[in-house]
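Here is a colleague's note, in numbered points, to be read beside the sequence and the 3D view. Please keep both open while you go through it.

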Amino acid sequence: MGKLTLSDWSDVAEIAGTAAVIFTLVFVGLEVRQNTRAVESSAAQAVHENFASWYASVQSDPELFEISIRAMQDYSSVSELEKGQFIAMFMAFSSHTQNAFYKWEEGSLSPELWRGWEQVSMNFYGTPGGREFWKERGYMFGEAYRSYVQTEILQAKPNPKAKPWGAFEIEER
């Protein structure tokens, strides 16, 4: 092998540059994949924390818990004040559910995790009080979520094991 010419050095530099570009693209691809996993994990954690906080706040107030059970069974049986408490409680639940829905729809919440929250939604919205709540307040939510609740959640046959709050069975519509 003789002396390398300027053209030879140019070829070596081009090969090295190409290798560097390929290495960089592989590295960027791995970083994007890792970042995607982190985003999905963060979304799942946020959804679960929202629901856990909501559950804890409702169950820690025995009066609100009792009102929510009565209102879900018979919306007309609660006083105006109790209805206001129920609506506030159910708005929080619905907001968390809508958030989970959009995270699932955009792909940052796994379908498996969404299905669990979807079942909880079916349990709550499927009650007489849940249906009345949605009839009165559903207009306040995003269009895609409203459509999903109306065509999927409210139309679904209740799971035979469904018991909102573990307190009562949902009657089939």
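**Notes on the helices and their aromatic contacts**

1. Helix α3 has 27 residues and reaches 38 Å from its first C-alpha to its last, which is close to the 39 Å expected at 1.5 Å a residue. The expected span of a helix is taken as 1.5 Å times one less than its number of residues. Just after α3, Gly107 takes a positive phi of about 95°.

2. A word on the source is needed before going further. This is a predicted model, in which local features need pLDDT of at least 70 and side-chain atom pairs count only at pLDDT 80 or more, while totals for chains, interfaces and linings use all residues. Residues are numbered from 1 along each chain as its sequence is written, and side-chain values use heavy atoms, with hydrogens and water left out.

3. Of the contacts in the protein with a separation of 6 or more, 66% are accounted for by residues 24 or more positions apart, where contact means heavy atoms within 4.5 Å.

4. A pair of aromatic rings is described by the distance of the centres and the angle of the planes. Rings of Phe, Tyr and Trp (its six-membered ring) pair if their centres lie within 6.5 Å, and planes under 30 degrees apart count as stacked, over 60 as edge-to-face and the rest as tilted. By this rule the count comes to 29 aromatic pairs. In one of them, the rings of Phe90 and Tyr125 have their centres 5.5 Å apart and their planes at 70°, so the pair is edge-to-face. This pair links distant parts of the chain, with Phe90 in helix α3 (residues 80-106) and Tyr125 in helix α4 (residues 111-125), 35 residues apart.

5. Are these two residues, Phe90 and Tyr125, buried or exposed? Phe90 counts as buried because its relative accessibility is 0%, and Tyr125 likewise counts as buried at 0% relative accessibility; buried means under 20% relative accessible area, exposed over 50%, and partly exposed in between (1.4 Å probe, protein chains only).

6. Phe101 and Tyr148 form an aromatic pair that is tilted, at 5.0 Å centre to centre and with 40° between the planes. This pair also links distant parts of the chain, since Phe101 lies in helix α3 and Tyr148 in helix α6 (residues 143-153), 47 residues apart. Both Phe101 and Tyr148 are buried.

7. Glu118 has its place in helix α4, and at 6% relative accessibility Glu118 counts as buried. Leaving aside its neighbours within four places in sequence, Glu118 is in contact with Tyr148 and Ile153.

8. Most residues other than glycine have a negative phi. With this in mind, look at Trp165, whose phi is near 60°, a positive value in a residue other than glycine. Trp165 is found in the segment after α6 and is buried, with a relative accessible area of 17%.

9. Buried residues make up 34% of the 173 residues in the protein. Val12, by contrast, is found in helix α1 (residues 6-59) and counts as partly exposed at 43% relative accessibility.

Definitions and conventions
Helix = DSSP H or I, 4+ residues; strand = E, 2+ residues; numbered from the N terminus.
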